[in-house]
Amino acid sequence: MRHQAYTLHFNPKLSLNEAGKHVRDGLSTVLRTGDNLWVSCDERTSIERLRLTGAHEFGEHCRYQLADLLDLTNEAEDVEIDIEGLGEADHYLWVIGSHSLKRKQPKPDDEDVAKQIAKLAKVAEEPSRYLLARVPLLLNPKTGDYELHKEAPHPIHAGQTLRAAQLRGTDTSNDLLDLLAQDPHLKLFMQIPSKDNGFDIEGLAVAPDGRLFIGLRGPVLRGWAVVLEILPREDKHGRLRLDEVPGATEKFYKKHFLDLGGMGVRELRQQGADLLVLAGPTMDLDGTIAVYRWPEALSCPQDSLIGPDKLQRLFDVPHGSGPTAGQDKAEGMALLDETHVLLVFDSPTDGRKTAPHQVTADAVRLPVPAAASGR
């Protein structure tokens, strides 16, 4: 895989959380709008905006706290949202949390072995992760930057207002989770933590007509990854509700099963009628990471089985191994331009941290689609 390194520069005053973890060490998703690059760290409650500052550099780091834009619970203001997906369409930025449960992590060097073993039996629920929301995203013509707002006039349709909104739910669930708790394929996995092949969202793409495609890192069902297709609409109270999806077996969502060779979805990006899929291990291990093209993904009339003959494996992504095991895990993928994607990495190696408060990402050229190349 040939790549061009891009350097992401972060503001030292915004880089560290209360636990001392640097934003560059936990990048989970990335999205480009114009000259801006949007990233999130899975241990934050914020979205970070960078700006193109050179041929292969993004800087001028700016932060948006989601608590200032959405009506989060008190807990969500303080606890990580585990943001795993960003998408953009029709003057809105869409944000989704992992919606997953978390198993406690034991400390193998602790002298109290029994206590650490007991940790492995504890599963934590963090309702702050149950977030699906949209936020007005508008270009400031004076600065050239895209900005987030809680409410703003529509830039094209006079008299219309863009408003932040989130999927309706309770303190411990939302409309999507309530439906999936009854789903014949997924219900048994809803109480299993992420990284245990439990339910775990890690990808989001937004179609121009408002449909959302949600990629699941887990579960992977006998080698088949899952992508959900939903259609959120705003109700009269300003909340998002799930509308019926034409052709869906389960009425309010379609299910698409993709043969990714046993991998789960780590990121989704729309390119025309296609979806680009960043795929990787569902479990907490080093393993194959690859980028696929799913042709005509936006045109599936019903639930679907997408076998290997309907997917194009574009390239594999190197990952940590040996002395760098557990590092350089590609987690986010943005369309850098029409012919390149930009990959960002969770737990980057020291080689990617070329200076304090910066990290490198990889731009990779997309192979020409088979139909366009004449093959």
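Student: Which strand holds Lys 255?

Tutor: Lys 255 is found in strand β22, residues 254-259. Keep in mind that this is a predicted model.

Student: Is Lys 255 buried or exposed?

Tutor: Compare the relative accessible area with the cut-off: buried means under 20%. Lys 255 has 3%, so Lys 255 is buried.

Student: What does the side chain of Lys 255 make a polar contact with?

Tutor: Side chains of opposite charge can pair when their charged atoms come close. Here the side chain of Lys 255 makes a polar contact with the side chain of Asp 183, at 2.9 Å. Leaving out residues up to four places away in sequence, Lys 255 also touches others, including Pro 184, His 185, Glu 250 and Asp 303.

Student: How many salt bridges does the structure hold?

Tutor: There are 31. Take Asp 25 and Lys 353, whose side chains meet at 2.9 Å, N to O. Asp 25 sits in the loop between α1 and β2, and Lys 353 in the loop between β29 and β30, so the pair ties together parts 328 residues apart in sequence. Asp 25 is buried, at 18%. Lys 353 is partly exposed, at 22%.

Student: Which residue forms a salt bridge with Arg 49?

Tutor: Asp 145, with the closest N and O atoms 3.6 Å apart. Arg 49 is in strand β4 and Asp 145 in the loop between β10 and β11, 96 residues apart. Both Arg 49 and Asp 145 are buried.

Student: Where do Asp 274 and Arg 293 lie?

Tutor: Asp 274 lies in strand β24 and Arg 293 in strand β25. Their side chains form a salt bridge at 3.1 Å, N to O. Asp 274 and Arg 293 are buried. Elsewhere, salt bridges with shared partners join Asp 82, Lys 102, Glu 126 and Arg 129 into one network.

Student: Now the nonpolar core. Which residues touch the most other members?

Tutor: In soluble globular proteins, nonpolar side chains tend to be buried together. The largest nonpolar core here has 33 residues. Those touching the most other members are Trp 94, Leu 180, Phe 199, Ile 214, Leu 216, Leu 228 and Ile 230. Elements giving two or more residues include β7, α4, β17 and β19. β18 gives the most, with four residues. Apart from this core lies another, of 21 residues, Leu 258 and Trp 294 among them.

Student: How many bridges join β17 to β18?

Tutor: Six, and the two strands run antiparallel. Ile 201 has Leu 216 in β18 as its bridge partner. β17 is mostly covered, with seven of its seven residues buried. The hairpin has five residues between the strands, and Gly 210 takes a positive phi near 100 degrees there.

Student: What is the strand order in the open sheet of eight strands?

Tutor: In a regular strand the side chains alternate between the two faces of the sheet. In this sheet the order is β2-β3-β4-β5-β1-β30-β29-β28, with mixed pairing. β2 and β28 are the edge strands, each pairing on one side only. Neighbouring strands are turned by 30 degrees on average, direction ignored. β2 is joined to β3 by six bridges, and these strands run antiparallel. Val 30 has Val 39 in β3 as its bridge partner.

Student: Where does Ala 164 lie?

Tutor: Ala 164 lies in the loop between β13 and β14. At 18% relative accessibility, Ala 164 counts as buried. Tyr 92 is 72 residues away along the chain, yet the two C-alpha atoms are separated by 8.4 Å.

Notes. Residues are numbered from 1 along each chain as its sequence is written. This is a predicted model: local features need pLDDT of at least 70, side-chain atom pairs count only at pLDDT 80 or more; totals for chains, interfaces and linings use all residues. Side-chain values use heavy atoms; hydrogens and water are left out. A nonpolar core is a set of buried Ala, Val, Leu, Ile, Met, Phe, Trp, Tyr and Cys residues joined through side-chain atoms within 4.5 Å. Buried means under 20% relative accessible area, exposed over 50%, partly exposed in between (1.4 Å probe, protein chains only). Two strands pair if DSSP finds at least two bridges between them. Axes are lines fitted to C-alpha atoms, for helices over the stretch in contact, and angles run from 0 to 180 degrees between N-to-C directions. A polar contact is a pair of N or O atoms within 3.5 Å; within protein, one must be able to donate a hydrogen and the other to accept it, and residues adjacent in sequence count only if both atoms are side-chain atoms. Contact means heavy atoms within 4.5 Å. A salt bridge is a side-chain nitrogen of Lys or Arg within 4 Å of a carboxyl oxygen of Asp or Glu.
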